Amino acid sequence: MQIYNTLSRKLESFESISPKHVGIYVCGPTVYGPPHLGHVRGPIVFDVLRRYLILQGYKVRFVRNITDVGHLVGDADEGEDKLAKQAKVEQLEPMEVAQTYTDAYNAVMDRMNILKPSIEPRATGHIIEQIELTQTLIEKGFAYVSNGSVYFDVAKFKDYGKLSNRTIEESETGTRVEMRSEKKHPNDFALWKRAEPEHIMQWSSPWGKGFPGWHVECSAMSMKYLGETFDIHGGGMDNQFPHHECEIAQSECANEKPFVKYWLHNNLVTVNGQKMSKSLGNFTTLKDLFKKFEPNVVRFFILQSHYRSTLDFSEEAIASSAKGYEKLLNTVKSVREKITNYEFRITNDNFFASYKTKFLDAMN
């Protein structure tokens, strides 16, 4: 099987680290709102990959996390936690918000015929591992404490930018000037943030009360369940920088070995060419979409375009996919009816075998 590795920017033959065993980590949702169409493209893409690996005889450990702390508004190192902000709006505890939307997300995954993850770790359940990883980076000289927060020193990692193909100077574009005073370098990122007294979600640490940075969560959770180096890390293309770039930096500096063998990124669902997102308000919830279309029709629509291409949403496009899906079901029904006939089966054995070969070749 050939897969496109974002890290090398080329197709590579897939060879698992351990024979016939594959470890996959996919970035899951930040659970502060109802799941929309943009949230399911990645899960569907990696569900197909997982099912195909199982078909090929691999034992797959599939880890998909839940981010329930540390993801700040604007994906920055300053500002309000997305969950805490939503908790104020709904007048709930942040963990009530997290539970509500985790349940909603998983209900959608079930309806979309997506296999459940082998492990679904929560960021709040792995605070100790995140603190330990942060301590390791301080001890090795890759991180520093500043005013109760801990930052990763990007200048110490010469390969920073290798995934997104950015230089440190290019990455500085858009960095907020007011953040510079607490950091040695504007592109340094938070491993641990000091919590102000009014911050609802906070834990004790060697540096005082605080909460983990968004990036350190995925490194800590993926390495706990898949090892210091594992086969496949997946996620949306929008996570390539800074999230996945920062994961590589902190993980490889902590362990002094490659973090992930193959990086796979799915492209985004767009609306009139713009990314579908909560912040832009141009999203369509799955709950509303399922009132008009069967979940498997939506899944079929998602799979109509190559996973690395953008997919522009419109109800007309899904309606067209519904016709294609119906045609596929009718073909399957027809074949199943005929295949009970012994003569038909014997006569068409080679025909079916050739199509199976074509399918495997296309998937590979």
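Predicted model: local features only at pLDDT ≥ 70, side-chain atom pairs only at ≥ 80, totals over all residues.
User: What makes H9 roughly perpendicular to H10?

Analyst: Helix H9 (residues 295-302) and helix H10 (residues 315-339) pack at an angle of about 105°, and their axes are 8 Å apart. Angles of 65 to 115 degrees count as roughly perpendicular, so H9 is given that label relative to H10.

User: Which residues make that contact, and how do they divide by class?

Analyst: On the H9 side they are Asn 296, Val 297, Phe 300 and Phe 301. H10 contributes Ala 317, Ile 318, Ser 321, Ala 322, Gly 324, Tyr 325 and Leu 328. Eight of the residues in the contact are nonpolar, three are polar and none is charged. Gly counts as polar in this scheme.

User: Why is H9 called largely enclosed?

Analyst: Buried means under 20% relative accessible area, and six of the eight residues of H9 are buried, so the helix is described as largely enclosed by the rest of the structure. The buried ones are Pro 295, Val 297, Val 298, Arg 299, Phe 301 and Ile 302.

User: What do the buried residues of H9 pack against?

Analyst: Their partners are helix H1 (41-55), helix H3 (94-111), strand E11 (269-271), helix H8 (286-289), strand E13 (311-312) and H10.

User: Are Cys 27 and Cys 253 buried or exposed?

Analyst: The limit for buried is under 20% relative accessible area. Cys 27 has 15% relative accessibility and therefore counts as buried. Cys 253, at 4%, also counts as buried.

User: What makes E4 and E10 edge strands?

Analyst: They belong to an open sheet of four strands with the order E4-E3-E9-E10 and parallel pairing. Strand E4 (59-64) and strand E10 (260-266) each pair on one side only. The twist in this sheet averages 20° from one strand to the next. H1 lies across E3, E4, E9 and E10, and runs at about 135° to E10.

User: How do you know that E3 and E9 pair?

Analyst: Pairing requires at least two bridges between the strands. Three bridges join strand E3 (residues 21-26) to strand E9 (residues 230-236), and the two run parallel. For Tyr 25, the bridge partner in E9 is His 233.

User: Why are E12 and E13 edge strands?

Analyst: The sheet here is open, with three strands in the order E12-E11-E13 and mixed pairing. Strand E12 (274-275) and E13 each have a single partner strand, so one side of each has no neighbour in the sheet. E11 and E13 pair in the parallel sense over two bridges, and Val 269 has Leu 311 as its bridge partner in E13.

User: Which residues are in contact with Lys 278, and where is Lys 278 found?

Analyst: Lys 278 is in the loop between E12 and H8. Leaving aside neighbours within four places in sequence, Lys 278 contacts Thr 30, Tyr 32, Gly 33, Pro 34, His 36, His 39 and Phe 283. Lys 278 and Gly 38 are 240 residues apart in sequence, with their C-alpha atoms 9.5 Å apart in space.

Note on methods: Residues numbered from 1 in each chain as written. Heavy atoms only, no water. Axes fitted to C-alpha atoms, helices over the stretch in contact; angles between N-to-C directions. Parallel < 35°, antiparallel > 145°, perpendicular 65-115°, else oblique. Contact = heavy atoms within 4.5 Å. Buried < 20%, exposed > 50% of the residue type's maximum accessible area, 1.4 Å probe, protein only.
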